[in-house]
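The sequence and coordinates are shown first.

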Amino acid sequence: MNEITPDKFEIRDYLRLDLMPHFMCPGCGHGIALRALLWAVHELGIDKDNLAIVSGIGCSGRVGAYIDANTYHVTHGRPLAFATGLKLARPDLKVIVITGDGDCLAIGGNHLIHACRRNLDITCLMLNNEVYGMTGGQVSPTTAETRLTTTTPAGNSEPAFDACKLAEAAGAGLVGREVTMQTPALRNLIKEGLAYEGFSFLEVMSDCTEIYGRKNDLGDSAEMVLAQKSDMRPEAYTNSAEQPFRPNRLVTGILARNDRPEYGDTYRRQAAALCGEGDDAA
Amino acid sequence: MTVILQNLHGNHACAMGAIAAGCRFFAGYPITPSSEIAERMSRELPLVGGTFVQMEDEIASIAAVLGASAGGIKSMTATSGPGFSLKQENIGLAAAAEIPCVIANVMRGGPSTGTPTRPAQGDIMQARWGSHGDRPVIALAPASVKEVYDQTIRAFNLSERYRMPVVLLFDQVISHLLEPIELADMASLELVDRPWATGDSAGFEPYASTETGVPPMPRPGDGYRTHTTGLTHGEDGFPTQDPEVVTRATQRLLDKVENHRADIESYECHDTEDAEVLIVAYGISARAARAAVRRARGQGIAAGLFRPITIWPFPEEALKAAASKAKAILVPEMNAGQLVLEIERIVGHDLPVAGLNRIDGQAINPDEILQRIKELAAK
Amino acid sequence: MSNLEIRFGGSGGQGLILSGRLLFQAFVMDGKHAAQSQSYEPTSRGGFCNADLVVSGGEVDYPLVTAIDYLVLLDQIGVAPSAAMIRPGALVLSDSRLVPEPPKGDFTLYQFPFTDEAIALGNHRAANVVALGALIALSDICDRETAARAVGAGTPKAFLDLNLAALQRGFDMADDLSADLTDNAAMR
């Protein structure tokens, strides 16, 4: 393996190359998100030995295994809860959760809002491809209204979650969103999240070309990625059956900051005070 | 050895046993009748450099425990029936990924919300089969406050030694029972740490078998950078569906318990040498059985008590030995008949096995058992 | 010594568990083998609540009560769960105001104004300790000095004076009753 130098990012330095080829479909945006993440890790000089990646179940959940770090692939919806224990037990580790829209917002939704509220120093990267891809293309909490999926044959009639608004309302320290097309911007956003001392929630607009894209005639990967910033993307909550494709500009970048004490730090200070050692710290 | 006398109730004994065993992380969710374990841990852990966190739900609690243990810290959670049900999937993950942890389940009446403040022993089979798939299981059933303390320590030791979840099963009576107990001083306790990976990280295989069948665990930060997954994985830790590797991996998990039964099994025999009526009872029911056996002996009836402390794996050979003179076996349980099925399986059809069951949220009392002993002895 | 079985029965929130614990502490101080258990309904306040003790000459086999020798009742709701378990010849003490219909049977029943006396001492919540004092004075389950030491060890500072006064009030009430009983016997 090459020696890692701070100036040049070489993604191979951060991948488990013997697992290649990876299992992601052609055109899947998750690979771009992975590159942006590792680029950010590189530029921040994070030591792979102290890097822990926790992921759940689904396409997003399988991304972590390709990273040459301490990787944990846990139960569906629970990576944030697992990561909470890991980070509290090992504050010295850099803990990143890679999750998906179903993993994070549906089966794991409760853990997301409480992770935001708790503000433990974890970066949560939610890869939003609007669908349950691994299981064949069922509707997810972020599927836009009217979209066709294998469980919405007449078009989705449920409004989609705006995950960033949810995270902000629940108190996340840092909230941001970016599309995969803007890879350097995505890298920068992830760097902000990783450097933030508290809970950072980052939504990555990914794309599922093979299943979701085909089902809805959204074109090839390039077209889907371009559409993410176009006027054709429906905005969460504001769509209706009558007016399903209301023009909007997807808001990206850092969307919210809520600076407050980091949970682990507060716990350790309180514990020290209970032990009678905290007089100086206070 | 200095001995410290303390008055503790069962839940507090569980917490203090965990602290003595080296537990430094607890994640839990409030549930009757186990909440005092969490409450006590929230007070004790900060004093010993540990961490307590009350999670948002039962599933999050066990998931956080697995995360902390994966980080290298001895960890536990505590719950009761409804929470035990919710934790099952992650107990399976702990078994599959070989992450040590202890789960205390203070049994209350079920099904569903059941009778939250009343004792029961209805989770015996759930402890064995509650999580899907074939997996190794260790479950311990203490019968006194002192034993809750001791078996909690032992639960951690077994969990660490075999890198797997260990379940403590006791009930509302013992959880809220106050008894004076003697705590051994820390220096005399035998504490076990999981085998840690040491040496070269190049080519390290995190799930390669060893002489004991227990692979050494890589500690994050030590440079091994391994993969941990609930997907069935090969020796390298990465998922596979290769039938041979899958068989080998699953069999090794099961063998960790099968090949170490002598170390894992524990039980107590009272007057079993010549017992014609053998009681097999655990937990609070065993306390009633012991009183009943004493009285039966006082009346000249050859009764005896076999008390499994390790419920899973069940101490089969020890039971067969204890039943060698028996003409009948009686299994009193606060359920509709669970462990009795295992007893029937072990002793075969030559020996009549009867249940004595209560599903009304009341503990079985010595009089009921004595009555049945007399009936069985008269046959 | 055969097993002694003692129950404090009443309503959740009356301090029954504390009474049980204090008496347990006294037994432990006396070097006796004891186990104290509790049963209650899933409400912190208002449901029935029992604090039970089993005292044994040796290690306690079965820690739950099955035939009660000494029963203290502080609320009517505590009567039903216990009535069938009272051993013939048992001693039953009940609160004269809060237990309007005490159990009847082949046992000795004394009704005391535990709660009223506690109110007179300044806090109705000390009724549990007044009752504990009366029970100890009317039985030989443990001596008064040990009980006072147990109360001292098991009571938070803020309530120490109150609880010691309540314990003494219980002793006094029992002594007054004993004196009356002696007088009545003498007159007969």
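## Model and chain pairs

The structure is a predicted model. Two pairs of chains are in contact, and the pair formed by chains A and B shares the most contacts. Chain A and chain C do not touch, and their nearest C-alpha atoms are 20 Å apart. Chain B, by contrast, has residues in contact with chain A and residues in contact with chain C.

Chain A contains 10 helices and nine strands. Of its 282 residues, 51% are buried. Among the contacts in chain A with a separation of 6 or more, 67% are between residues 24 or more positions apart.

## Interface between chains A and B

At this interface, 36 residues of chain B are in contact with 34 residues of chain A. On the chain B side, the elements that give two or more residues are β2 (25-28), β3 (51-54), α3 (58-70), α4 (81-97) and β10 (227-229). The largest share, nine residues, comes from α3(B). By class, the side of chain B that touches chain A has 19 nonpolar, 13 polar and four charged residues.

Strand pairing also links the two chains. Strand β2 of chain A, residues 70-73, runs parallel to β10(B) and is joined to it by three bridges. One residue pair can be named here: H73(A) has T229(B), in β10(B), as its bridge partner.

## Interface between chains B and C

Here 19 residues of chain B are in contact with 16 residues of chain C. At least two residues each are supplied to the chain B side by β6, β9 (178-184), α10 (283-298) and α13 (366-378) of chain B. The largest share comes from α10(B), with five residues. The side of chain B that touches chain C divides into nine nonpolar, five polar and five charged residues.

## Domains of chain B

Chain B is divided into domain 1 (3-188) and domain 2 (268-378). The C-alpha centres of these two domains of chain B lie 26 Å apart. Their contact takes 24 residues from domain 1 of chain B and 19 residues from domain 2 of chain B.

On the domain 1 side, two or more residues are given by each of β6 (115-119), α5 (124-129), β7 (138-140), β8 (165-171) and α7 (172-175) of chain B. The element that gives the most is α5(B), with four residues. The side of domain 1 of chain B that touches domain 2 of chain B has 16 nonpolar, five polar and three charged residues.

## Helix α4 of chain B

Helix α4(B) is among the elements on the side of chain B that touches chain A. With 17 residues at 1.5 Å a residue, α4(B) should span 24 Å, which agrees with the 24 Å between its end C-alpha atoms. The helix α4(B) also bends by about 50° at Q88(B).

Buried residues in α4(B) include G81(B), G83(B), F84(B) and K87(B). Just after α4(B), E98(B) takes a positive phi of about 60°.

Key: Residues numbered from 1 in each chain as written. Chains lettered and ligands numbered in written order. Predicted model: local features only at pLDDT ≥ 70, side-chain atom pairs only at ≥ 80, totals over all residues. Contact = placed C-beta atoms within 7 Å. Nonpolar A, V, L, I, M, F, W, Y, C, P; charged D, E, K, R; others polar. Pairing = 2+ DSSP bridges. Domains from an automatic or database assignment. Expected span 1.5 Å × (residues − 1). Bend = angle between axes of the 7 residues up to and from the residue. Buried ≥ 20, exposed ≤ 12 C-beta atoms within 10 Å, placed from the backbone.
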